[in-house]
Amino acid sequence: MDLRIFTEPQQGASYDTLLTVAKATEDLGFDAFFRSDHYLSMGSADGLPGPTDAWITLAGLARETKRIRLGTLMTAGTFRLPGVLAIQVAQVDQMSGGRVELGLGAGWFEEEHKAYGIPFPKEKFARLEEQLAIVTGLWATEAGKTFTHRGTHYQLENSPALPKPAQDMVPVLIGGHGATRTPRLAARYADEFNIPFASIEDSERQFGRVRAAAVEAGREPDELRYSNALVVCVGRDEAEVARRAAAIGREADELKANGLAGSPAEVVDKLGRYAEIGSSRVYLQILDLRDLDHLELIAAQVQTQLS
């Protein structure tokens, strides 16, 4: 099972903090560094020193890392026009030497749109479907040819469909809990389906829906990778687990029930149960970005038992 580090910078992180965590991610042997795409903190976090833009962050990290994959869970479709997003992602992919992945979602947090004057349309899912068609269509257009899209929400006329990513095609992640439209969209466009913060039972049910949708779309279900995103809180003993839980405003027992928490052995056991239902990759949500010892512990005593 692959372990990836997943951060929530809107809760409070500068670029320098994210760079430190990304370099630790690489040095400790994790597969990838991912970040959320939000402009406003949630809950009681003050969000200081203020938000950082996801793709500007990843552009910087692309030049300052060498091995790890870089991506978003999930880029908000409400934040960027799809043609512009295709250019941004392709450029960052070039800057990284072909290490970028695009998680793309509809956008959901209305308050951050109000805070920064970003339109929050009602037809978000229909827009997302067109966005996916446009972004992947631009990348797939043969060099020297043009791309045209005449949709309800977006119209592109004779686009040169440039630049191209360094990879033949940037992997696309689609995720969520929706029972019908989300699996259908994943079956059509995704290389990976991700379900965030879900139990083993709910994950298995949703993976089954996506697999069924893939068959209906004429794809082999195993063409997609299936993954989870889960909050993580590991400690050498109960006191360390409790301390780390308190640092992120949570209770240890609640984290054990709803995430990956406890001793390394407990976390390895739970990851094994996710693997049994088809999850081959987990994005570890790290909420205390100052606690690099936490990453070191996970690398030394969890990751080593999964390879």
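Contact here means heavy atoms within 4.5 Å, and helices (H or I, at least four residues) and strands (E, at least two) are DSSP runs numbered from the N terminus. The model is a predicted one, in which local features need pLDDT of at least 70 and side-chain atom pairs count only at pLDDT 80 or more, while totals for chains, interfaces and linings use all residues. Residues are numbered from 1 along each chain as its sequence is written, and side-chain values use heavy atoms, with hydrogens and water left out.

**Helix packing**

In the contact between α6 and α7, residues T182, P183, R184, A186 and A187 of α6 meet Q206, R209, V210, A213 and A214 of α7. By class, this contact of α6 with α7 comprises six nonpolar, two polar and two charged residues, where Ala, Val, Leu, Ile, Met, Phe, Trp, Tyr, Cys and Pro count as nonpolar, Asp, Glu, Lys and Arg as charged, and the others, Gly among them, as polar.

The table gives the angle and the axis separation for two helix pairs; axes are lines fitted to C-alpha atoms, for helices over the stretch in contact, and angles run from 0 to 180 degrees between N-to-C directions.

| Helix pair | Angle | Axis separation |
|---|---|---|
| α5 and α6 (residues 181-189) | about 5° | 11 Å |
| α6 and α7 (residues 200-216) | about 50° | 8 Å |

Angles under 35 degrees count as roughly parallel, over 145 as roughly antiparallel, 65 to 115 as roughly perpendicular and the rest as oblique. The angle between α5 and α6 therefore makes α5 roughly parallel to α6, whereas α6 and α7 are oblique to each other. The crossing in which α6 passes α7 is right-handed, a crossing being left-handed if the near helix is turned anticlockwise from the far one by less than a right angle, and right-handed if clockwise.

A further pair is formed by α3 (residues 82-96) and α5 (residues 124-140), whose axes come within 9 Å and cross at roughly 45°. These two helices, α3 and α5, are therefore oblique to each other, and α3 passes α5 in a right-handed crossing. On the α3 side the contact involves P82, G83, L85, A86, V89 and A90, which meet Q131, I134, V135, L138 and W139 in α5. The contact of α3 with α5 contains nine nonpolar, two polar and no charged residues.

**The helix α5**

What span should the 17 residues of α5 have at 1.5 Å a residue? The expected span of a helix is 1.5 Å times one less than its number of residues, so α5 should span 24 Å, and this agrees with its end C-alpha atoms, which are 24 Å apart.

Twelve of the 17 residues of α5 are buried, so that the helix is mostly covered, buried meaning under 20% relative accessible area, exposed over 50% and partly exposed in between, with a 1.4 Å probe and protein chains only. Among the buried residues of α5 are F125, L128, I134, V135, L138 and W139. The partners against which the buried residues of α5 pack include the helices α3 and α6, as well as the strands β5 (100-105) and β6 (147-150).

**Single residues**

T25, which lies in helix α1 (residues 15-27), counts as buried at 0% relative accessibility. Not counting residues up to four places away in sequence, T25 touches I5, F30, A32, F33, R67 and I68.

G47, in the loop between β2 (32-35) and α2 (54-64), is likewise buried, at 7% relative accessibility. The C-alpha atoms of G47 and Q10 are separated by 5.7 Å, although the two residues are 37 residues apart along the chain. Leaving aside neighbours within four places in sequence, G47 is in contact with Q10, Q11, G12 and S41.

R243, in helix α8 (residues 238-247), is partly exposed, with a relative accessible area of 46%.

**Backbone geometry**

Most residues other than glycine have a negative phi, and most peptide bonds are trans. The peptide bond from L48 to P49 is cis, with omega near 10°, and P49 is found in the loop between β2 and α2. The bond from L162 to P163 is also cis, with omega near 0°, and P163 lies in the loop between β7 and β8.

A positive phi near 60° is found at A161, which is placed in the loop between β7 and β8 and counts as buried at 3% relative accessibility. For F197, phi is positive and near 55°; F197 lies in the loop between β9 (192-196) and α7, and at 41% relative accessibility F197 counts as partly exposed.
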